Amino acid sequence: MKKITVIGAGSFGTSLAILLTNKGYDVSIWGRKKSQLALMRETRENPHYLPKVKLPESLKIVDNMDDAVKGADMLVFSVPAQNFRGVLETAKEFMTGKEIVVNVAKGIEKGTLMRLSEVAKEVIPNICYVALSGPSHAEEVARLLPTTVAVSCEDKAVALEVQEIFNTDRFRVYTNDDLVGVELGGSLKNIIALGAGISDGMGFGDNAKAAMMTRGITEMIRLGTAMGSKSETFSGLTGLGDLIVTCTSMHSRNRRCGILIGQGMSVNDAVDEIGMVVEGLATAEAAGALAEKYNIEMPITQSICDLIYGRTNAMEAVDALMGRKTKNEMQI
């Protein structure tokens, strides 16, 4: 592995670029906003997305996709899920087809309802695609706080190679052969984190949040298994692990957005206040459509969808969920 390029200069992309540079790889990072990249070069920081974290001097900061992609052995995509297709299509012009593509975005494409590995294969049919997912807030990764994630690829040898490339004494990497489950866990938990934040914003307690998380992962398992994943994947890092951290941490944009909505702010104003992409909002719409497609009952997801699109308000959603017909808990 000679050259690695990180596509996307947000918080997580930057933290991974730092990690890989510190491991001794030849790393470049590409971003869309030239003014941001110029500031990163000048200050050796990424002040908007990852303040007060120094960038290694050897990390190259590039604004030209051609320079970023050409000669790279591995491309790490860290762009919002809904932008992944477009950025990959742009990068494709300069790719040889031999690159390993690692994607860290968590989401389902609106409209097509595709997982991001499916999007990647549609754009580049023979792509060597790896998903990296798990409870991994960029703010902690960049500060070398212990973090554990999983990587998944249809080619086990590639998964093992990527595991070795990313693994450090503070960033532990497992492999998982359930690509569908890994992708869905990372995507669907953002919806539940919105709900957990809304619950917090409305002033509800720990009981309500615990219920939201527990019944939320039940919904994740329902949809995941209907789509071909293994139920046990959702008990692992990319399911339960990611769900816990996203529902409980103030690093979570989805939870913070939910808190603002629960306090009475409109969805648009909440997103503006966060100032970054909130993946759970787009994923909620896609997950609701998938639930309908597979005839899966996902009341929390549907309630959050209805709330996002103004079909109900927060208190009405709570009343509807709490007033549903009683049932056996083990009815997955």
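**View 1. Phe 77, Phe 84 and Tyr 129 make up one aromatic cluster.** The model shown here is predicted, with local features requiring pLDDT of at least 70 and side-chain atom pairs counting only at pLDDT 80 or more, whereas totals for chains, interfaces and linings use all residues. Residues are numbered from 1 along each chain as its sequence is written, and side-chain values use heavy atoms, with hydrogens and water left out. A search of the whole structure finds two aromatic pairs, where rings of Phe, Tyr and Trp (its six-membered ring) pair if their centres lie within 6.5 Å, and planes under 30 degrees apart count as stacked, over 60 as edge-to-face and the rest as tilted.

**View 2. Phe 77 and Phe 84 pair edge-to-face.** Their ring centres are 5.6 Å apart, and the angle between the planes is 90°. Phe 77 counts as buried because its relative accessibility is 0%, buried meaning under 20% relative accessible area, exposed over 50% and partly exposed in between (1.4 Å probe, protein chains only). Phe 84, at 0% relative accessibility, is likewise buried.

**View 3. Phe 84 and Tyr 129 form an edge-to-face pair.** Here the distance from centre to centre is 6.5 Å, with 70° between the planes. This pair links distant parts of the chain, since Phe 84 lies in helix 4 (residues 84-92) and Tyr 129 in strand 6, 45 residues apart; helices (H or I, at least four residues) and strands (E, at least two) are DSSP runs, numbered from the N terminus. Tyr 129 counts as buried because its relative accessibility is 5%.
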